[in-house]
Amino acid sequence: MNTIEKFNSHVMKSYGRYDLVLEKGEKRTAVDENGKEYIDFGSGIGTNSLGFCDDSWVDAVCTQVKTIQHTSNYYYTKVQADFADMLCEATGYSKMFFGNSGAEANECAIKIARKYSFDKYGKEAERNIIITLKNSFHGRTITTLSATGQDVFHNYFFPFTPGFIYAPANDNEELVKIVKENENKVCAIMVEFIQGEGGVVPLDESFVKTIEKICSENDILFVADEVQTGIGRTGKFLAGDNYGVKPDIVSLAKGLAGGIPIGVCLANEKCSGVLTPGTHGSTFGGNPVCCAGGIAVLNKVTSEGFLDEVSEKGEYLKEKLLEIPEVEGVDGMGLMIGVRLKKGKAGDICKACLENGLLILTAKEKLRFLPPLTITREEIDKGIDILKNILKNI
Ligand SMILES: *Cc1c(COP(=O)(O)O)cnc(C)c1O
């Protein structure tokens, strides 16, 4: 049996996969089992923020794995403390909780949001509704699926967690109306600043400001799911910085540890004391190896000029894309970019790119680019040339 046959005979078929076995990677290039090379415009869905096997990241992770790999959360480790210190410093938040994934970070955010109102207003107040947006994506657990505002995700697994209401993105009046209709019942509004899985759809500045205003006027918590947009992806450390807002709670995951599992939930002073001993936990949460990887990522992403480079490379990539005749338009910020096509199916183009040595992603009907933050202009040029030729021939 070859790898694909062996895999499929033992692993549940919960994903649609390409017939490609990746064996290794270096910087922004992946190599398959036959030695064929691929330029990486997907970074493992925005996780390999420093590319494949970045030297400083490899050193940090290997050193940690040889020193102490796991302790449980009964004890303290220096690497966790250092990572938390750096992350709070970089983001301006006061405290954080460690998990292992985006869904887990969002579960934590949801628990904090509900307990904040429970503690303050009491059980009888039933102040537990969380407003999320239509076309959002918040994860694959039953509760984060419930939070996800897309009907396609609300199937098979009934009953879903109650208490979520979906508002249309970028509709200020409708949001105000929904909050009014549910007066004193809403504990949080949770959004992605750029809907990633939903098709790279950025929120309007006026909508974000409306959320901020409603939240502060009604003691509703503003929760930002920055699992995909965080850690420099949009050219700012947090995507919220592009809008000049500071949500009460922020979840991070994907790119945070450079391609190993991590998820964190950050909270400001107002709700950083909500979780008390015994109210939440995660066995692997804050794993020292992942924290060491996270420190290596933070060292790079917060270094002088790094984020400006992300913005400039993002602009460069957008310009190059807009020069392609078959491209109708581009959306997104920094190195989180969605491409609208005049013709062709995103899935087919993605597959053709693969055959020609380029890894890209799709989101709804768009092509989606989430290259490593360390991608070079030369690599962008090479990838764009491959895409251009494919689009020309469809
Ligand atoms: C990927 C993603 C998640 C889920 O993260 P997992 O690590 O797969 O659990 C949640 N929210 C957003 C915005 C995401 O992009």
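Trainee: How far is the backbone N or O atom of alanine 103 from an oxygen atom of the ligand?
Mentor: The distance is 2.7 Å. Keep in mind that this is a predicted model.

Trainee: And what does the side chain of aspartate 225 do there?
Mentor: One of its N or O atoms is 2.8 Å from a nitrogen atom of the ligand. Lysine 254 has a polar side-chain atom 2.6 Å from a ligand oxygen.

Trainee: How much of the ligand's accessible area does the protein cover?
Mentor: On its own the ligand has 390 Å² of accessible area, and the protein covers 81% of that.

Trainee: Which residues are around the ligand?
Mentor: Among them are Ser101, Asn106, Phe137, His138, Glu192 and Gln228. By class, the shell has six polar, three charged and three nonpolar residues.

Trainee: Which helix gives the most to that shell?
Mentor: Helix α5, residues 102–121, with three residues.

Trainee: Switching to the whole chain, how many helices and strands are there?
Mentor: The chain has twelve helices and 17 strands. Of its 394 residues, 54% count as buried.

Trainee: What is the radius of gyration of the chain?
Mentor: The chain has 21 Å, which agrees with a compact globule, because a globule of 394 residues would have a value near 21 Å. Along the principal axes, the C-alpha atoms fill a box of roughly 60 × 50 × 50 Å.

Note on methods. Residues are numbered from 1 along each chain as its sequence is written. This is a predicted model: local features need pLDDT of at least 70, side-chain atom pairs count only at pLDDT 80 or more; totals for chains, interfaces and linings use all residues. Side-chain values use heavy atoms; hydrogens and water are left out. A residue is near a molecule or strand if one of its heavy atoms lies within 4 Å of it. A polar contact is a pair of N or O atoms within 3.5 Å; within protein, one must be able to donate a hydrogen and the other to accept it, and residues adjacent in sequence count only if both atoms are side-chain atoms. Accessible areas come from the Shrake-Rupley method with a 1.4 Å probe; for residues, only the protein chains shown count as cover. Helices (H or I, at least four residues) and strands (E, at least two) are DSSP runs, numbered from the N terminus. Ala, Val, Leu, Ile, Met, Phe, Trp, Tyr, Cys and Pro count as nonpolar, Asp, Glu, Lys and Arg as charged, and the others, Gly among them, as polar. The radius of gyration is taken over C-alpha atoms; the globule rule is 2.2 Å times the number of residues to the power 0.38. Buried means under 20% relative accessible area, exposed over 50%, partly exposed in between (1.4 Å probe, protein chains only).
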